[in-house]
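Visitor: Could you walk me through how to read some features of a model like this one? I would like the general idea, then the case at hand.

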Amino acid sequence: MKSALITGITGQDGGHLAKLLHEKGYDVYGIIRGQHNPKRLITEVEFPYVKLIEADLTDQSSLIRAMNTAKPDEVYNLAAVSHVGYSFKNPQLTSDVTGKGVLNILEAIRLSGGEKTVRFYQASTSEMYGGLEYNRPENGYTEDAVFHPRSPYGVAKLYAHWIALNYRESYDMHISCGILFNHEGPRRGIEFVTRKVSNAVARIELGKQEVLELGNMDAKRDWGYAGDYVEGMWRMLQQDKPGDYVLATGETHSVREFVELAFKEIDITIEWRGEAEREEGVDADSGKVLVKINPEFYRPAEVDLLLGNPSKAEKKLGWSRKVDFSDLVKMMVQHDLELEKSKL
Ligand code: NAP
Ligand code: F7E
């Protein structure tokens with residue numbers, strides 16, 4: 001039986017990956033942080049087969065202990081301060097966890113004797129690309145595209161990406177980096193725009209909320225389903241040789257399109273009126289204002305457009321996304337309708 005250690009077990013991807021690895025027969029260990037983590041109980045109930053280990057990415061001794069306990073064949077490093085907006089408000093914490101935390105865990109693998117045996121997955125991100133003025137993704141960003149991060153999160157992830165590559169080259173470790181574009185689903189945190197929208201639409205339908213407030217609705221993202229993406233992570237670590245792979249859908253949509261499709265799920269057609277901060281989304285039938293702009297959600301620097309080119313992963317890993325954009329929106333709104341009804 002193979003053993004896997006997942007950092008970020010309480011996050012969106014951690015849950016999907018734990019389930020996948022358990023189904024494949026792995027002994028699954030997960031790192032949980034904090035003295036009073038309210039997600040511990042939820043994780044224990046939802047994933048009873050996961051053995052939880054108390055550790056923190058900023059505490060190297062705890063990571064060495066985790067390695068010695070789990071004795072993993074594979075380590076998936078999913079833990080991070082992962083919210084781009086939050087990273088502007090907490091840049092040093094982001095740097096310590098999302099950036100230097102990766103160095104801590106790579107050293108923990110070496111110090112516990114796993115350098116030649118452990119396979120390591122690093123959760124790299126499309127946020128390492130960034131500004132259109134530096135690299136326009138005509139056919140989508142590939143693994144070789146120029147990086148130019150636009151947030152403390154993106155910068156920390158770029159450090160993490162390079163230190164992972166450096167350890168691969170320096171110590172011949174089996175380290176793969178998945179450069180993943182946005183992936184969502186019902187497990188997505190409410191602070192991310194897709195889940196914020198799907199949840200608000202459900203609440204508006206049930207009369208629990210009046211208006212949805214958003215920031216930049218022109219931003220475009222390559223949105224896929226998280227359940228598809230964890231399969232790609234696993235496939236990377238099954239290769240004889242480590243490498244870097246983009247996982248994406250190859251399609252891009254604006255936040256505005258996501259909002260329109262989400263409201264369609266409850267039979268509301270949104271019409272837009274006004275511009276910039278005065279823009280509003282109105283119910284075409286009732287004339288009620290359902291979407292407003294709140295500049296509080298703007299970021300000091302924005303990534304305007306992300307589009308990934310997953311052809312390397314398709315060819316070498318035999319990976320491709322299964323859920324398309326409209327099915328993703330439907331899945332999220334339907335899930336939140338059920339969730340919000342259950343709380344009535
Ligand atoms: P997420 O839901 O925000 O989960 C982040 C996880 O990191 C949580 O389990 C969190 O634990 C943990 N964590 C935070 N600080 C920690 C620390 N100091 N020590 C140990 N654990 C800590 O993120 P996700 O969406 O699942 O994404 C997984 C990974 O992929 C992240 O590294 C993210 O940056 C990256 N990524 C995500 C996407 C995407 O679209 N989802 C795309 C590209 C890359 P708590 O529950 O205790 O806070
Ligand atoms: O924002 C805009 C916002 O926070 C998407 C993380 O998983 O994917 C994620 O990062 C877009 C941005 O995700 C609101 O300005 C408008 O342009 O859902 P998000 P993200 O920043 O793309 C990457 C690949 C990661 O690696 C990250 O870990 O939507 N937007 N209005 C808004 N965003 C939020 N959160 N809230 C709003 O009200």
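Guide: Let's start with exposure: a residue is buried under 20% relative accessible area, exposed over 50%, and partly exposed in between (1.4 Å probe, protein chains only). R110, at 25% relative accessibility, therefore counts as partly exposed. Before we go on, note that this is a predicted model, where local features need pLDDT of at least 70, side-chain atom pairs count only at pLDDT 80 or more, and totals for chains, interfaces and linings use all residues. Residues are numbered from 1 along each chain as its sequence is written, chains are lettered from A and ligands numbered from 1 in the order in which they are written, and side-chain values use heavy atoms, leaving out hydrogens and water.

Visitor: Which residue forms a salt bridge with R110?

Guide: Side chains of opposite charge can pair when their charged atoms come close. The rule for a salt bridge is a side-chain nitrogen of Lys or Arg within 4 Å of a carboxyl oxygen of Asp or Glu. R110 has E115 as its partner, with 2.8 Å between the closest N and O atoms. D218 and R256 form a salt bridge too, at 2.8 Å from N to O. The count by this rule is 25 salt bridges.

Visitor: How many aromatic pairs does the structure hold?

Guide: Rings of Phe, Tyr and Trp (its six-membered ring) pair if their centres lie within 6.5 Å; planes under 30 degrees apart are stacked, over 60 edge-to-face, and the rest tilted. There are 10 such pairs here. One of them joins F47 and Y49 edge-to-face, with 6.2 Å centre to centre and 75 degrees between the planes. F47 is buried at 5% relative accessible area, whereas Y49 is partly exposed at 23%. Elsewhere, ring pairs link Y129, Y141, F147 and F181 into a cluster.

Visitor: Which ring does K24 lie over?

Guide: A charge sits over a ring if NZ of Lys or CZ of Arg is within 6 Å of the ring centre and within 35 degrees of the ring normal. K24 lies over the face of W234, 3.9 Å from the ring centre. K196 takes such a place over F297, at 3.3 Å.

Visitor: What surrounds ligand 2?

Guide: Here a residue is near if one of its heavy atoms lies within 4 Å. Ligand 2 has 22 residues around it, and K196 is among the closest, along with S82, T125, R299 and E302.
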